[in-house]
Amino acid sequence: MEKDSNSGSGPFEAGSAPIPDAPLLGYRNYWYPVVEARRIGRRPISVKILGEDIVLFPGKEGKVAALVDRCPHRGTMLSRGRILFPGTLSCGYHGWTYNGDGECVAAIVEGPESNLPGKVRVQSYPTEVRFGIVWAFFGEGDPPPLDEDLPPELKEPGIMTHFTFREWQCNWRNVVENYPDILHAPYVHRTSVEIIFNKVPAWGKCHFELLADGKGMHVRGIGGGVQGDYPGVGKFPAHLWWRVLRRRYKRKEWSGESTAGGDIRMPGNIVVKVRDPYCGVHISNMGWPVPVDEHRTRHLNFLVTYPGNSIHRLALKIWYNFYFRHVHQLFLRQDRRLIEVQRYREGEHLSNTDIALIQWRKLAPKIARRAKAATAAAEGQSGKPTQGQDEKERDVGLSR
Ligand code: FES
Ligand SMILES: [Fe+2]
């Protein structure tokens with residue numbers, strides 16, 4: 001089911017049902033990338049995520065423990081405490097000590113005879129370490145496997161991964177909405193090192209379609225022309241003689257995609273398949289904005305490359321660390337300088353080039369995973385499946 005933006009009527013016309021805002025602090029009941037695994041060491045670390053303070057420390061059997069960063073005794077932050085016993089964290093104030101499941105296992109100041117152990121607990125979140133990153137499930141009940149929330153590009157055999165975390169000074173919703181807003185890319189990034197010699201469109205249309213796995217949508221920009229003559233103002237771009245490169249892909253499964261595009265999935269990550277025009281490296285380039293609080297987002301730029309052998313692997317490591325990570329941060333900075341000062345949906349005047357963005361806004365709340373307990377309760381009351389369960393069978397909002 002593919003839709004084209006620049007024809008017919010849009011769902012944003014008068015009379016359309018209002019589309020709800022995305023949650024200010026992110027969708028719960030998903031796995032999120034939290035921090036680099038190498039940061040977990042002898043000291044507890046404090047991280048804010050989805051508006052909540054979390055403390056991370058080494059748990060039992062190589063696991064990473066993630067607890068709400070608040071001691072139930074007198075409310076100080078557990079991250080100010082110390083690791084006195086393996087697999088536990090002792091509060092810095094009176095020494096109440098918690099294991100990786102959040103159970104109080106000792107209360108130092110109250111003494112070895114204290115009856116607090118077993119009676120007090122702190123909320124814990126399930127974690128897993130994968131690709132050198134600590135992932136945590138922020139939700140209720142048993143989590144689905146981490147693989148459920150990873151895009152397919154991260155599950156291919158033989159891949160190599162590279163990543164960089166950066167904090168952006170804005171709410172996560174603006175960062176996520178930058179992705180389905182695909183037509184900003186050839187305009188904002190035309191001066192980036194990555195595409196400065198490429199023939200990039202001056203204007204275009206937006207295509208979108210529901211992904212087969214029902215977890216999001218594919219968004220693609222279709223270029224209208226590399227130079228336009230705009231009545232009354234002139235040509236844009238004024239010059240383009242140096243733009244001599246075109247998109248080319250050697251990976252068979254990527255061929256046919258001649259325009260920029262990407263897959264966006266819940267709770268808001270995107271994968272764009274591109275090829276470095278200078279080194280020929282094929283990349284699945286992933287952006288994963290993680291909500292921190294109302295005004296901050298931890299942006300994970302996650303790259304998948306495809307090494308053929310160990311020498312190629314080494315070359316890719318050098319390519320990423322000495323070239324691409326720096327160049328791509330400059331690319332992302334072009335987005336960031338605009339997004340950090342953007343408002344969220346306030347007084348906006350959308351146009352036909354925003355069609356994929358509008359569809360994403362409609363789709364996301366419909367397919368968002370809900371807490372198991374809430375789902376079961378709703379089913380019990382109505383006898384019917386609820387939102388998020390039957391998304392494959394329902395019209396998920398992509399039709400107009
Ligand atoms: S406040 Fe944590 S042990 Fe007292
Ligand atoms: Fe961008």
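In this predicted model, 61% of the contacts in the protein between residues at least 6 apart in sequence join residues at least 24 apart. The protein has 400 residues, of which buried residues make up 36%, and its secondary structure comprises five helices and 20 strands. The predictor's confidence, expressed as pLDDT, has a mean of 87 over the protein, and 85% of the residues reach 70 or more.

The packing of nonpolar residues was examined next. In soluble globular proteins, nonpolar side chains tend to be buried together. In the present model, the largest nonpolar core contains 74 residues, and the members that touch the most other members are Tyr32, Ile49, Leu56, Val134 and Ala136. Helix H4, which spans residues 355–367, gives the most to this core, with eight residues. Because domain 1 (39–128) and domain 2 (150–355) both give residues to the core, it lies between them. The surroundings of Leu56 can be listed in detail: when residues up to four places away in sequence are not counted, Leu56 touches Val35, Ile40, Pro44, Ile45, Val47, Val64, Ala65, Ala66 and Val134. Of these neighbours, Val134 is itself named among the core members that touch the most others.

Turning to the sheets, strands of a sheet pair through backbone hydrogen bonds, either parallel or antiparallel. One open sheet consists of four strands in the order S3-S4-S5-S9, with antiparallel pairing. Strand S3 (45–49) and strand S9 (124–125) stand at the edges of this sheet, and since each has a single partner strand, one side of each is left without a neighbour in the sheet. Strand S5, which covers residues 64–68, runs antiparallel to S9 and is joined to S9 by two bridges; across this pairing, Leu67 stands opposite Ser124 in S9.

A further open sheet has three strands in the order S6-S7-S8, and its pairing is likewise antiparallel. The edge positions are taken by strand S6 (88–90) and strand S8 (104–107), each of which pairs on one side only, and the twist from one strand to the next averages 20°. Strand S7, made up of residues 96–99, is joined to S6 by three bridges, and the two strands run antiparallel. Within this sheet, Ser90 stands opposite Thr97 in S7.

Methods:
Residues numbered from 1 in each chain as written. Chains lettered and ligands numbered in written order. Predicted model: local features only at pLDDT ≥ 70, side-chain atom pairs only at ≥ 80, totals over all residues. Core = buried A, V, L, I, M, F, W, Y, C linked by C-beta atoms within 7 Å. Buried ≥ 20, exposed ≤ 12 C-beta atoms within 10 Å, placed from the backbone. Domains from an automatic or database assignment. Contact = placed C-beta atoms within 7 Å. pLDDT = per-residue confidence, 0-100. Pairing = 2+ DSSP bridges. Axes fitted to C-alpha atoms, helices over the stretch in contact; angles between N-to-C directions.
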